[in-house]
Every structure is written in structure tokens, then in C-alpha cells.
Amino acid sequence: MNREEIILAIQDIIKTIAPDEDVSNLKTDVRLRDQIELDSMDFLDIVMELRKRYGVQVPEDDYKELATLDGCVAYLGPKMQGKSLKVGV
Amino acid sequence: MTADRYDALVIGAGMSGLAAGIRLAQFGRRVAILERHALWGGLNSFYKRGGRRFDSGLHALTNFARPESKTAPLSRVLRQLRLRFDDLHLGEQGRSRLHLADVRLDFSNDFALLEAEVARAFPAQRTQFASFVRAVREAEPFTTVDPSASGRAFLREHLTDEDLVEALMLPLCWYGSAREGDVDAYQAIILFRAIFLEGLARPRGGIKPLLDLLVARYKAEGGELRTHHGVESVLRDSRGAARGVRLDSGDELLSDRILSSAGYVETRNLCGESSAPADQGRLSFVETQRVLSQPSASIGALHTLVFFSDSLRPAWRRPEEPVDLSNGVIACSDNYAGNEIAPRGLMRVTCLANPETWCAYDEAEYRTQKDRWEDAICAAAAPYAADPRPLTTQVDCFTPRTITHYTGHTGGTVYGSPRKRLDGDSGVPNVHLIGTDQGFVGIVGALMSGISIANRHALVAQ
């Protein structure tokens with residue numbers, strides 16, 4: 001999965017968790033929490049959805065790597081290699 | 001004997017069990033909810049009498065919040081369970097009242113009403129009340145408040161008029177305190193927010209549509225709901241850790257994650273462990289429900305809820321007599337907006353009761369006492385709302401005996417053990433408490449309990 005696809009994957013997961021949020025204009029270098037109302041429980045759901053959809057494991061110590069979309073791309077890039085995007089699951 | 005392996009087993013299909021089940025099933029865990037009874041809901045269930053459906057709990061859904069308030073507990077619960085606010089069809093309360101002797105304070109889902117009422121009835125406490133409310137808003141009840149601290153002491157830190165303290169304590173006790181004579185300070189904060197700063201509502205149709213929604217959601221994610229499947233005991237390995245359960249049928253189900261909503265004492269019993277006498281809850285209720293031929297408001301019962309007491313120092317404790325008529329709660333369900341009960345009314349009155357007395361009666365005596373006290377409760381409530389008796393078309397009444405039967409809670413406790421375990425620790429490895437004895441109360445609280453313990457001990461941990 002390339003950069004754009006990883007961002008789409010995360011945006012789609014956020015849409016599942018918080019259907020009312022507009023995810024199309026999220027800045028990639030600003031903390032997700034500062035742009036939309038995500039609490040720690042929602043954050044856990046991003047991790048759980050990554051595991052469910054892509055089989056990607058994110059240990060609790062690494063949750064902080066997913067704070068921004070850029071962070072997600074950097075951290076998930078290697079883990080998502082060769083996987084195909086699933087949206088609207 | 002058959003053995004079957006699960007990622008997690010949930011004991012009890014109440015609000016907390018269903019919420020935990022949804023969370024686990026949603027993320028692909030193999031999970032079964034085991035419920036001894038034919039129906040789900042636990043304390044918040046429903047039953048039919050004379051062709052009419054009655055709710056066993058649900059005077060009110062506290063924590064009402066509109067969907068735009070995204071950090072409110074209700075909104076967070078809905079997101080976690082992937083439910084939509086509109087699916088709940090919540091009808092908000094009208095006006096409700098705290099009525100202790102000659103003190104009357106009205107409140108509604110607009111907090112400004114309570115502020116104005118406090119300013120009217122306790123003008124000298126205006127500033128103190130504002131500082132109290134600020135403290136409630138800013139508190140972090142789970143991290144900074146000592147779990148055994150006194151709620152009354154917390155109120156007294158800000159409020160100097162004892163009459164006001166006791167008036168505010170009354171609903172906090174009635175809607176969630178398992179502790180005699182007081183409420184835990186962290187609970188007081190959460191309950192004040194849930195009742196006054198957030199608000200009260202009722203799902204249209206009562207508890208059943210909400211339960212249907214949760215069960216449908218759970219099943220859609222592949223969760224197994226097994227009714228008539230009581231847990232007889234928890235199986236443990238040589239180190240004492242849980243490894244599964246034995247059912248009443250003798251069948252065994254295996255899992256090293258057990259989430260139990262049975263209660264602290266009851267869960268430890270299932271594990272073959274004892275608990276301290278101080279862990280046993282002592283508070284139970286008698287409640288009557290009167291179906292009326294006219295709306296409650298037409299006979300002068302204008303409030304949605306009335307927390308009443310004949311004195312300014314209500315006793316929140318197990319009474320000596322079968323029922324304590326001196327204080328209680330009146331809920332006029334047909335005073336919620338958009339309810340389906342109209343044009344008929346439904347008035348419910350709840351009072352504290354002595355579970356030992358109620359459980360010791362033989363069958364004939366039980367019926368006699370039930371009729372006698374049911375009538376006395378209606379008479380006691382009449383001065384605070386209206387006398388429902390002349391307009392009654394149907395009556396149903398439940399007692400500590402009924403509660404014990406349907407919830408399995410020893411002593412018919414409604415709010416469980418007075419010593420809560422916020423971390424869900426049952427003292428038995430692999431067994432985690434959810435629901436009442438984990439310490440979150442009310443419908444939204446119970447859902448949050450199941451969610452947070454499932455997240456922490458069965459999703460993150462694995």
C-alpha cells in the first residue's frame with residue numbers, strides 16, 4: 001500500500017468509528033486528536049480496525065506513532081506492504 | 001460432556017455484558033454471553049403481565065446528551081458500539097423535582113433551572129453552589145478521587161447548608177449508591193453530571209427497543225447469546241487462574257478470559273472463593289407500577305421524577321421494617337417527551353426495602369405483605385405527586401425477592417457491593433468484573449463498564 005492508500009485506509013477507519021466526522025480535509029502533519037474529537041477509546045478502535053482489516057498488529061507502546069497521518073504512513077508503511085486497501089468494510 | 005473454546009466468555013446478558021460482547025465480537029473474537037434466564041437485560045429487563053409489557057429498571061436513562069456533544073459518555077458509548085443516537089429514540093424528561101419536607105427544587109435537562117431553583121430556595125448558597133458545580137465539572141473522578149472517599153464530605157467542602165447538601169444527596173443515593181448512609185465521592189461526581197449536568201431521558205417503547213438494538217448489533221457481529229445457560233461455577237487451573245466455566249447443564253466452555261457481571265460476591269462464589277461481609281450489599285427496593293386510565297399529569301402528577309423524603313435528613317439505609325415509606329422516587333413515565341404510553345399514564349414508586357424480611361415470607365404471607373405495602377407506598381407517594389389508586393387499571397409490584405430471582409444478586413441488591421472494583425479485579429486471575437460491581441451505574445454507565453473492561457482486559461491485552 002502506498003502513502004495515499006494508507007491515508008485512505010485510516011480515513012475510512014475513522015469514518016467507521018465516527019461517522020459524523022469530515023475526514024477529507026485532515027492535515028497530515030497535525031495530530032488527529034487536534035483536528036477531530038478522538039479520545040483514547042476511539043484511538044484504540046483505529047488500532048483494532050487495523051488488525052481486523054489488515055492483520056496489522058500495533059503494540060500499545062507504539063500507539064503514539066499513529067498520532068498524525070504522516071506518522072501512520074511512516075509507521076504502517078512497512079507493515080502494510082503488499083496489502084490491498086479495504087474501504088467501506 | 002462437551003468442551004468448547006472461546007476467546008472470551010461473558011457471564012450475564014445485562015447492559016454491561018451485551019456491551020462487552022459487542023466490543024469483542026466486533027473485533028473478531030469468539031465470544032458467548034451466558035444468561036441463566038430466558039430474557040436478557042439483567043436489572044434492566046422487561047416482563048409481561050396481563051398483556052402489557054413492564055420495564056423492571058429504567059426510571060430514566062441518565063447521561064442524556066445530544067449527539068453534537070462528542071465527549072459526553074453517551075456519545076462515547078454509541079461510537080464504541082457503532083450505534084446511532086437516532087436509533088435510541090430518546091424522549092427527554094419534562095420537569096423533575098427534589099422534594100424533601102418543605103424544600104422543593106425543580107430541575108430539567110436545562111441545568112439553568114436547577115441553578116435558579118437553588119438561588120431561590122437557598123439564596124445564601126448561590127456562590128457555594130457555583131463553586132461546587134465547577135468542582136464537579138473539573139474533577140477527574142477516576143484518577144484523582146480516593147475511591148472510598150465520602151460523597152457527602154465532597155458536597156460539604158463546597159456547600160455549607162446541610163438542607164441543600166441532603167437535597168442533592170437524595171437523587172445521588174437513589175440512582176446509584178450501594179453504600180449505606182452515603183455515596184462514594186467519585187460516584188457523587190459522576191451521578192451529579194449524569195443526572196443534572198447531562199440529563200434524563202427514556203427510550204420510546206421502554207427498555208425493550210434498546211435491548212433489541214444491542215442484541216441485534218451483537219448477533220450481527222457474530223456473537224453468541226445463550227439464554228437458559230446459567231453458569232454453575234468457574235473452572236480454574238492448577239495456578240488458580242480461570243480456564244472456563246461449568247454450566248448448570250454440566251457442559252463446560254473453555255476460555256481464559258471471563259468477564260462477569262454477576263457481582264463481586266457472586267462471582268467469587270462461582271470461583272469457590274469467599275468474600276468479606278463488608279462486600280455484601282445491603283440495599284434493596286420495592287417498586288410498584290400503576291397503569292392509569294388517564295395521563296399522570298391529568299391527576300396533578302406533573303413531574304417526570306420526584307425524589308421525595310418526609311424529612312430533611314433522609315435515611316439511605318436498609319430499613320428495619322419491610323419497607324421504608326419515608327423516602328423514595330416517583331417516576332411518571334408518561335411525562336417523558338414522545339412516549340408511547342399516552343393517553344394512559346404509568347406511575348412508578350420505589351422505596352427502600354429489607355431483603356431478609358421479604359425473602360423469609362412463605363408464599364401466602366408474601367402475597368399479603370406485598371399487597372399491603374404496595375398500597376402503603378402509593379399512599380406515601382401521593383402528597384408528592386398524586387394518588388394513583390383511584391385511576392389504576394393494572395398494578396404490578398416487585399420486591400427484593402423478585403430482584404434476587406432475576407438478577408442472581410444475593411440479598412436482592414440493586415446497586416451491588418458497597419466496595420467497587422474500578423479496575424474490574426475479582427481477585428481471581430483471568431476473571432474481570434463488569435457492570436454494577438465494577439462501579440459504573442445507570443444504563444450508560446453499565447454499557448461503559450462492559451466496553452472499558454472488554455477493551456482493557458480482552459482486546460488490548462491479547
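In this predicted model, strand S15 (residues 284-292) of chain B runs antiparallel to S18(B), and nine bridges join the two; within this pairing, B:Glu287 stands opposite B:Thr350 of S18(B). Strand S18 (residues 345-353) of chain B also pairs with S17(B), again in the antiparallel sense, over seven bridges, and here B:Ile330 has B:Val349 in S18(B) as its bridge partner.

Strand S17 (residues 323-332) of chain B is mostly covered, since eight of its 10 residues are buried. Strand S16 (residues 305-309) of chain B is joined to S17(B) by five bridges, with the two strands antiparallel, and B:Ser309 finds its bridge partner in B:Asn327 of S17(B).

These pairings belong to an open sheet of seven strands in chain B, which follow the order S8-S7-S16-S17-S18-S15-S19 with mixed pairing. Strand S8 (103-107) and strand S19 (392-398) of chain B stand at the edges and have a single partner strand each, so one side of each is left without a neighbour in the sheet. From one strand to the next, the twist averages 15 degrees. Helix H6 (residues 162-174) of chain B lies across strand S7 (96-100), S8, S16 and S17 of chain B, and runs at about 125 degrees to S7(B).

The contact between the chains takes 10 residues from chain B and 10 residues from chain A. On the side of chain B that touches chain A, helix H2 (73-81) and helix H13 (442-460) of chain B each supply at least two residues, and the residues of that side divide into three nonpolar, four polar and three charged.

Note on methods. Residues numbered from 1 in each chain as written. Chains lettered and ligands numbered in written order. Predicted model: local features only at pLDDT ≥ 70, side-chain atom pairs only at ≥ 80, totals over all residues. Contact = placed C-beta atoms within 7 Å. Helix = DSSP H or I, 4+ residues; strand = E, 2+ residues; numbered from the N terminus. Nonpolar A, V, L, I, M, F, W, Y, C, P; charged D, E, K, R; others polar. Buried ≥ 20, exposed ≤ 12 C-beta atoms within 10 Å, placed from the backbone. Pairing = 2+ DSSP bridges. Axes fitted to C-alpha atoms, helices over the stretch in contact; angles between N-to-C directions.
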